[in-house]
Structures are given as C-alpha cells and as structure tokens.
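Subject: Structure handover

Hello,

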Number of protein chains: 2
Amino acid sequence: MQLPRHRLYVETRLEPGAAHVCDSAQANYLINVLRLSAGDEILVFDGRSGEWLAAIAETGRGRCTLAVGTPTRQQVEGPDIHYLFAPLKRARLDYMVQKAVELGVARLVPVRTRRTQVARLNQNRMRANVIEAAEQCGVLRLPEIDDLRDLAALLADWRPERRLVYCDEQMGAGDPMLTLGAIDPGPLALLVGPEGGFDDQEREMLRAKSFVTAISLGPRVMRADTAGVAALALINAAHGDWR
Amino acid sequence: MQLPRHRLYVETRLEPGAAHVCDSAQANYLINVLRLSAGDEILVFDGRSGEWLAAIAETGRGRCTLAVGTPTRQQVEGPDIHYLFAPLKRARLDYMVQKAVELGVARLVPVRTRRTQVARLNQNRMRANVIEAAEQCGVLRLPEIDDLRDLAALLADWRPERRLVYCDEQMGAGDPMLTLGAIDPGPLALLVGPEGGFDDQEREMLRAKSFVTAISLGPRVMRADTAGVAALALINAAHGDWR
C-alpha cells in the first residue's frame, strides 16, 4: 500500500480511536491547500507516539476533524545530541533550525555570546520552523527549544556527563573524526559560535572546561549555519544514528 | 599587523606592481558601501595567485583603481572534489552554491535528473554567488561552473578514475565513514539528487557503474541542500583537507 505523502504534526495524543480537531491553520492547509475532503487520508504524528494514518472525518467552515486510524511507524527517539548555537538573523536562523531538525537533534539551545548579533528570539517562529521541518523530513521526535541564555551561565550549570563539542576556528589542523572518535559514547552537545566566532576570552573559558572537546572543520572559514550542518553530520557519523 | 577584513575577487592577474581598475559594482562597494578612500587597504585575490594587499590608489565618479602591494597568502588549491547537484529553486540554489564554495569544492556540476524541477540555470547568478561566498569565507580558488547536463549523458562520458559518491535514500543503514574510508585516495565527486530523490531507473543506472559508490546519510529524509552540505563534510573529513 502506498502511504499518503502529507504529514501533519498534531498536539492530540495519538492512539486508536483518537480524534484530532484541527486548528484553523491546519484546516486551511488540508482543505484549501491540499484540497482534501472527507475520507482522504494523511499521516499524523504527535512527537511521542510514532506516526499514524488519519482520515478526514468531518469538514466545514474552516473546521476539520481527523479520525486516527492505524499506526504506520513506531516512535523513534533519534540521537541524544543537543545543538547550542548563537542565533542568527531571520532567514539564516530559520534555515539553521530547519537543518538541525533534519539532522535529528534532541534539543535546540540558543546561546548568547559576545559577538552574537541577535538580542531576542521569537520562540514561536522557531517552533513553527521545527514543526515544518519535522513534517517534511519524516522526523518523529520534535526537538525541545530552550530559552536564550548567556554562554557563561550555560557552562557554569553544565552537567559534565554530556560532552560538549565546539568548532574552534583557531585550533589549526586536526582530524575531526579522530577527535570525535576518541569521545566515549554518551550524551553529546555541539556548540557553534556566531558569525565572527568566539572571542579569546570565550575560547579560554571553553578550553578550561574538562567536559569540552574542540574540533577543527578544516582550513576554510565557514558561515555559522554551514558549520552547524557540517559538524552535526560528523557527529551523527561518529556517535549518532548514521552508523 | 592586523590585515584588512574586506576581501575582493578581481579578474586582474595579481603580481607586484599590478593595478586593478574596478568595475562599477566594485567601485560602488568600496567607496559607497565600505566608505574607503585613497590609501585604504583591502585584500584581493584572483583565484590563482593567492591573496594580496591592495591600496585604493585613485577614486572619482564611480571609478576606483587598486594598487597591488605585497602577498598575504599563497595560492591553495583545495580538495579535488566535484559537486554534482540537481538545481533547486532560486533561494535554495543560491544557498547550495554558497555552501559548496565554503566546503571547498573544485567544480560545480549542475545535473538534470527526472525529478529536477528547474529547467534552466542562470550561470551569472551562480557565478555571483560563488564570488560572494569566496570573498566572505577566505577561499582562494573559485570552483568552475559547468553547464546543466542530463545525468545519463554525464555518466556516459564519465572518466572512471574520478570516483562518484552519491547519497542513496533507499540503501538502508550503513556507516558512511566506513564506506568513504574504503575508497582509494584520488579525485572524487559527490552527486546529490533533487527534492524527491532519484527514481528507480536512475538508481539502477548509478548502481550499475563500477565508478559509483552509494552512501547512506542515516534514517531521516534530508532536503537536498542539507544532504549536500552533510555529505561534503563527510567527504572532506575522509578524503579532503579536514584531516
């Protein structure tokens, strides 16, 4: 059987016989954008109960109810990787959040560093980007989104059993896969600095922590969003679920 | 000595005593955007002669001449990796091209596959994105840009000494670093399909070629531009200049 192509994230807990009442954006998407009608099926997921078939049960005047049918995929948690990043401006931040979801991170942790250019974060916009990327890319677990915090405070509270890998543009050559391969299995986090990198004091603060590992991403300077995708790929290959 | 932060790609061959007459866009950028004036210095590169200091020698009415001074960096060629990709729509294509430059590829090879949604390519726009990314990211060698070609024609003419790695969403689990590590050193190419992936016939055609290696990028479906950055990161770590 060919499964439906469209996937929708819902906040209703999915179980046999459950019904989901769409909000107006979802109803508009299903009825006016996808042009679905009663009886048509889509895939739904709630971030914790896997993926299910659901049929459009009732529509009318911007309303739409979905009847949850049978499960199509069991819940998969994905790798225990937190992604710490200095927020970028609008479009690049959207992009960075979407990419992190595609790469399967468990938690998005925005970090304020000295050269971070963005003072405030729109959590709703980040959440919308997370959901959109998860719907498109078959992800079942939505990453949590933390509040924006200062790097120093974050490091002060750090639980050292989660090793923190960061991309250090000034460390010179060094094989990142060798460095990552030497890390014991366990929870991980990746930290990528802002455009312009960390300043010397931040770098010293990071280097002084026993739970921190620096990696090099080669001789070229990369933009922060590129470095994030590249480093998450290496981490997934070394310790995540790409092996 | 602190080097200037701004870098400009120029088509004049750089050598001691050379002068570069800026085109109007460059003159506008230097004089009106950066607000530089006679005597101010920037970095210039021509894609083949390394990076040089250059001073603004003369300005006036949209004109600007640069006097080439001393070299600051020797030419570096970067890894011999060709990047074959199904072109995406505007913003995502811009992004994909910029990222490929940051990751140091030697050649951009746009490929038409059955599910490719873009029929034509704006080569000038691609070139402008290449130059902008190279200026920003300290890259010295600009990748060549090929014309758009059909996948079948490209494979028929392929020189088998360049191994072609492609991302196969249907191959199931498999450690991509193990697969890449088993490839002999030498010229490489990466092929990333369009949104929606390759069709079965294309996949069969690829699998039948002795010069082709398939890799898996894990259990999540990634967008084409994400897959490109992720796979180029793994290839740089396995065979490029990140070791």
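Predicted model: local features only at pLDDT ≥ 70, side-chain atom pairs only at ≥ 80, totals over all residues.

Core first. The largest nonpolar core has 96 residues. Tyr83(A), Leu217(A), Tyr83(B) and Leu217(B) touch the most other members. Take Leu217(A). Beyond its neighbours within four places in sequence, Leu217(A) is in contact with Cys167(A), Met222(A), Ala227(A), Ala230(A), Ala231(A), Leu234(A) and Trp242(B).

Next, helix 3 of chain A. This helix runs over residues 123-137, 15 residues in total. From first C-alpha to last it reaches 21 Å, close to the 21 Å expected at 1.5 Å a residue. Its buried residues include Met126(A), Asn129(A), Val130(A), Ile131(A) and Glu135(A). The buried residues of this helix pack against strands 1, 3, 6, 7 and 8 and helix 2 of chain A.

Leu93(A) sits in helix 2 of chain A. Is Leu93(A) buried or exposed? Its relative accessibility is 10%, so Leu93(A) counts as buried, the cut-off being under 20%. Setting aside neighbours within four places in sequence, its contacts are Phe85(A), Pro87(A), Leu88(A) and Leu121(A). Leu93(A) and Cys64(A) are 29 residues apart in sequence and 32 Å apart in space, C-alpha to C-alpha.

Now the second largest pocket. Its volume is about 1400 Å³. There are 44 lining residues, and the closest to the pocket centre are Glu169(A), Val221(A), Gln136(B), Cys137(B) and Gly138(B). Helix 7 of chain A, with strand 5 and helix 3 of chain B, each supply at least two lining residues. Helix 3 of chain B gives the largest share, 4 residues. By class, the pocket lining has 19 nonpolar, 12 polar and 13 charged residues.

Last, the cavities. The structure holds 2 of 30 Å³ or more.

- Largest cavity: the volume is about 40 Å³. Its lining includes Tyr95(A), Tyr83(B), Tyr95(B) and Lys99(B). Helix 2 and helix 7 of chain B each supply at least two of the lining residues. The lining divides into 8 nonpolar, 1 polar and 2 charged residues.
- Second largest cavity: the volume is about 30 Å³. It is lined by Gln98(A), Glu102(A), Glu132(A), Ala133(A), Gln136(A), Cys137(A) and Arg223(B). Helix 3 of chain A supplies the largest share, 4 residues.

Best wishes

Methods. Residues numbered from 1 in each chain as written. Chains lettered and ligands numbered in written order. Heavy atoms only, no water. Core = buried A, V, L, I, M, F, W, Y, C linked by side-chain atoms within 4.5 Å. Buried < 20%, exposed > 50% of the residue type's maximum accessible area, 1.4 Å probe, protein only. Contact = heavy atoms within 4.5 Å. 1 Å grid on protein atoms, 1.4 Å probe; cavity = no way out; pocket = protein on both sides within 12 Å on 5 of 7 lines; lining within 4 Å. Points joined across faces, edges and corners; volume = space filled by probe spheres on them. Nonpolar A, V, L, I, M, F, W, Y, C, P; charged D, E, K, R; others polar. Expected span 1.5 Å × (residues − 1).
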